[in-house]
Every structure is written in C-alpha cells, then in structure tokens.
Amino acid sequence: MTNYCADQIFLRFSSQTFCGIKPAALFTASAEKFSEDVLEKWRTIIHEQGLSIHVVEKASGSRLVFVYDLAWIRKILGDSFVQAYLRGKEYPNPSDTIGTLNILFHRFKNEECFPHESGVFLGYPIEDVLQFEEKQGKCCKFCGYWKSYCNPEKARQCCEKYKQCRQMCIQWFDEGYSVPQIIKKYNEMAQQAA
C-alpha cells in the first residue's frame, strides 16, 4: 500500500469539495499522520477557500475529518424532503444548519454504527440514501463514491467527474501548484469545457 503524506490524503479525499463540485468530504486518518500542526495548516488553507473543517477524535486513536462548504450544506438542509428525513432521524430542527451539523458530529464521535444520514451531507441523492438504508446496502445498481439505486447513469457520470477532479488535483499538486492555484486551474478548465 502506498504511504501517502497528509497533504496527499487531504487532496485525495477533499479535492472535489475544494473545487466546488461536492458539498463535503469525509475521511479517516491516523492521529500520528494528522498532527495538530498538519490540521492547523489545513484549517488555514480550507478557511481561505471559504470552507470549514471539523475533526472528530475517535477512541481508536484515529481522526475523522469532515471538510465542508457551510453554504452548500445550508442549501441541502433547506430542502423540505431532507428536513423530513432528518426529523425522522431525530434531528429536531434540520433548518438549523449549525445545530444539525453538531448533532452529526456528535454521532460521528459517539455512535458505534456509522450514521447513514451522513450521505445527505456529502451530497448524495436523498433517494439513494433512503434506498441504501431500506436495502441494507445490498442490490445497488451502481457503486462508486456511494451506492446508487435510483439513477445509476447519473451517479456513474458524477463519480467519473469526482474521479477526474481528484486525479487532476493530485497531479497538479505533485507538479508544485498550491491549493488555491489548483482550484483556480480547475475552475478555469471547467469553464472552458462548459
């Protein structure tokens, strides 16, 4: 297995959020590799891009890292169908973005089972989140960044876009571009393709 440095891990799992094509990213990393100095450096980089980061210390000694676009999360939580779903998951006021995120973070830290509703925050279609729960993760029509049950072709296209974004960002980083330069380069390329 390749031994990635913390910067490569951040880009590998968060590039789509940095580039504005995914509302949030979630990954686990060792506390050893993600020291406070590394996290502080990335907090600064992320904040400069208008993003936020929340780190959950797990009992195992690992860190769960959630990188997110607060405005985009607020928009997701503004959907009445998403609100009804989250109320059913015992989120008392899903329109309260900060309060809802705090409940999610608490669940990341304290619940044995991973909260499936996190898929909503990561930008996965609510229909797929519901079907994943109903079918207990089985019998999906496409499996990429998430398991798709409802629109596999759209999911395939989206996952391909995520994959290409990640590959380009890692390549540019390896070529010496900074994260702000990578984001600018990606956005310019996306505008030209449109």
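Which helices each supply at least two residues of the lining of the largest pocket? Point 2 takes this up.

1. This is a predicted model, in which local features need pLDDT of at least 70 and side-chain atom pairs count only at pLDDT 80 or more, while totals for chains, interfaces and linings use all residues. Residues are numbered from 1 along each chain as its sequence is written, and side-chain values use heavy atoms, with hydrogens and water left out.

2. Helix H4 (80–88), helix H7 (126–134) and helix H8 (152–174) are the elements in question for the largest pocket. Helices are DSSP runs of H or I with at least four residues, strands are runs of E with at least two, and both are numbered from the N terminus. H8 gives the most to this lining, with four residues.

3. The volume of the largest pocket is about 400 Å³. A pocket is an open set of points on a 1 Å grid over the protein atoms alone, where a 1.4 Å probe fits, with protein on both sides within 12 Å along at least five of seven lines; lining residues have an atom within 4 Å of a point. The volume is the space filled by probe spheres set on the points, which are joined across faces, edges and corners. Of the 18 lining residues, Gly-123, Tyr-124, Pro-125, Ile-126 and Glu-127 lie nearest the centre.

4. By class, the lining of the largest pocket holds twelve nonpolar, two polar and four charged residues. Here Ala, Val, Leu, Ile, Met, Phe, Trp, Tyr, Cys and Pro count as nonpolar, Asp, Glu, Lys and Arg as charged, and the others, Gly among them, as polar.

5. The second largest pocket has a volume of about 260 Å³. Its lining has 15 residues, with Gly-119, Tyr-124, Phe-132, Trp-146 and Lys-147 closest to the centre. Helix H6 (118–121) and H7 are the elements that give two or more residues to it.

6. Thr-100 lies in helix H5 (residues 97–110). Thr-100 counts as buried because its relative accessibility is 1%, where buried means under 20% relative accessible area (1.4 Å probe, protein chains only). Its side chain reaches the backbone oxygen of Asp-96 at 2.8 Å.

7. Val-65 sits in strand E3 (residues 62–68) and, at 0% relative accessibility, counts as buried. Val-65 and Phe-27 are 38 residues apart in sequence, yet 5.4 Å apart in space, C-alpha to C-alpha. Leaving aside residues up to four places away in sequence, Val-65 touches Phe-10, Ala-25, Leu-26, Phe-27, Ile-53 and His-54, where contact means heavy atoms within 4.5 Å.

Methods: Buried means under 20% relative accessible area, exposed over 50%, partly exposed in between (1.4 Å probe, protein chains only). A polar contact is a pair of N or O atoms within 3.5 Å; within protein, one must be able to donate a hydrogen and the other to accept it, and residues adjacent in sequence count only if both atoms are side-chain atoms.
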